[in-house]
Amino acid sequence: MVISIDSNSGFCFGVTRAIKAAESELEKGSLYCLGDIVHNGQEVARLEMKGLATIDYDDLRTLPSHSRVLLRAHGEPPSTYWIAQQRGIEIIDATCPVVKKLQDRIRACYESHKNDETLPPQIVIYGKPGHAEVIGLQGQTNNTAIVIESVEQLDRIDFTRPIYLFSQTTKSVEGFQALVEKIKSQNSRANNRSNEARKEITNHKSQIALEAHDTICRSVANRVKELQAFARANDIVFFVGGTKSSNAKVLYNHCKEANENTFFVSSPDEVDLSKITNPDAKVGICGATSTPLWLMEAVSERLSAS
Ligand code: SF4
């Protein structure tokens, strides 16, 4: 069989940067990381072997002062910085610059509209509720943002009020566009209603029904086409990803769309060799933005040894 690893798979810029920061800070002394540094159990374990201790929010509140805590690429809400400051904890901020910029945009939007009393605006985040990045984004709005995952959840939005839509960086472009289209059609329905709400909208100085900000990271979005081309070029594909990674789930589904002989594995042990029925098959290995190259190489070695 011919085995190849997708050269476009693996850590994105933000994750690589956070891991490099962790490795360099570990050389200076003990280091905590708030939450898994990456949604990949094997990579977390590798860094824990080097001394990185993963903690949660409860731990953060009880750490001794002067402890050093790394914030991962996903980013954190303002409350985390506040807790750290209160406790005299040193923050090593490895928030991805792309996420940081998105946080700043959402915060600026919230600050400039929070006092609009005539038609209170709604900040809507297209994202996964409870996801670390989304918690950080919601925090920029004093947790007033509405998080929706799909068009089915749009009934949580009041279409007679202005909507400011943003996206979690790892969501799909198609999903975002579908939301925009649906909101536009609901808005025009709401605007056609001859009631007081409509009058208020018409008279409202901003006249904004929907302001959509496509804030999806192209480091993820651009991978889809390349990944699908790779999947099509192989007879069978093993997609390597962490079970906690939403990016891995999204990219795996795209791979599966392109080649139905795509299988999700978290480690070399999970490779089901019986799936390879043709000894001359072209076998592709790819992964998510949270998948380390060394793990894809380990899957490749397992296949080579079979
Ligand atoms: S996917 Fe994009 S925004 Fe998210 S950590 Fe990676 S580079 Fe940053």
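These legends describe close-up views of a predicted model. Local features need pLDDT of at least 70, side-chain atom pairs count only at pLDDT 80 or more, and totals for chains, interfaces and linings use all residues. Residues are numbered from 1 along each chain as its sequence is written, and side-chain values use heavy atoms, with hydrogens and water left out.

**View 1. The sheet β3-β2-β4-β5 is open and parallel.**
It has 4 strands. Strands are DSSP runs of E with at least two residues, helices are runs of H or I with at least four, and both are numbered from the N terminus. Two strands pair if DSSP finds at least two bridges between them. β3 (52-55) and β5 are the edge strands, and each pairs on one side only. Neighbouring strands are turned by 35° against each other on average, direction ignored. Axes are lines fitted to C-alpha atoms, for helices over the stretch in contact; angles run from 0 to 180 degrees between N-to-C directions.

**View 2. Strands β4 and β5 run parallel.**
β4 covers residues 68-71 and β5 residues 90-93, with 4 bridges joining them. L70 has I92 in β5 as its bridge partner. L71 is partnered by D93. Together with helix α4 (residues 78-87), the two strands make a right-handed β-α-β unit. Right-handed means that, with the strands pointing away from the viewer, the path from the first strand over the helix to the second runs clockwise.

β6 (residues 122-126) pairs with β7 over 3 bridges, in the parallel sense. Here Y126 has I148 as its bridge partner.

**View 3. Strands β10 and β11 form a parallel pair.**
β10 spans residues 236-240 and β11 residues 262-265, with 4 bridges. V237 stands opposite T262.

**View 4. The ligand sits in the largest pocket.**
A pocket is an open set of points on a 1 Å grid over the protein atoms alone, where a 1.4 Å probe fits, with protein on both sides within 12 Å along at least five of seven lines. A molecule sits there if more than half of its atoms lie within 2 Å of the grid points. C12, G14, C96, V98, V99, T169, C217 and V220 surround the ligand, each with a heavy atom within 4 Å. This shell has 6 nonpolar residues, 2 polar and no charged. Ala, Val, Leu, Ile, Met, Phe, Trp, Tyr, Cys and Pro count as nonpolar, Asp, Glu, Lys and Arg as charged, and the others, Gly among them, as polar.

Notes. 1 Å grid on protein atoms, 1.4 Å probe; cavity = no way out; pocket = protein on both sides within 12 Å on 5 of 7 lines; lining within 4 Å.
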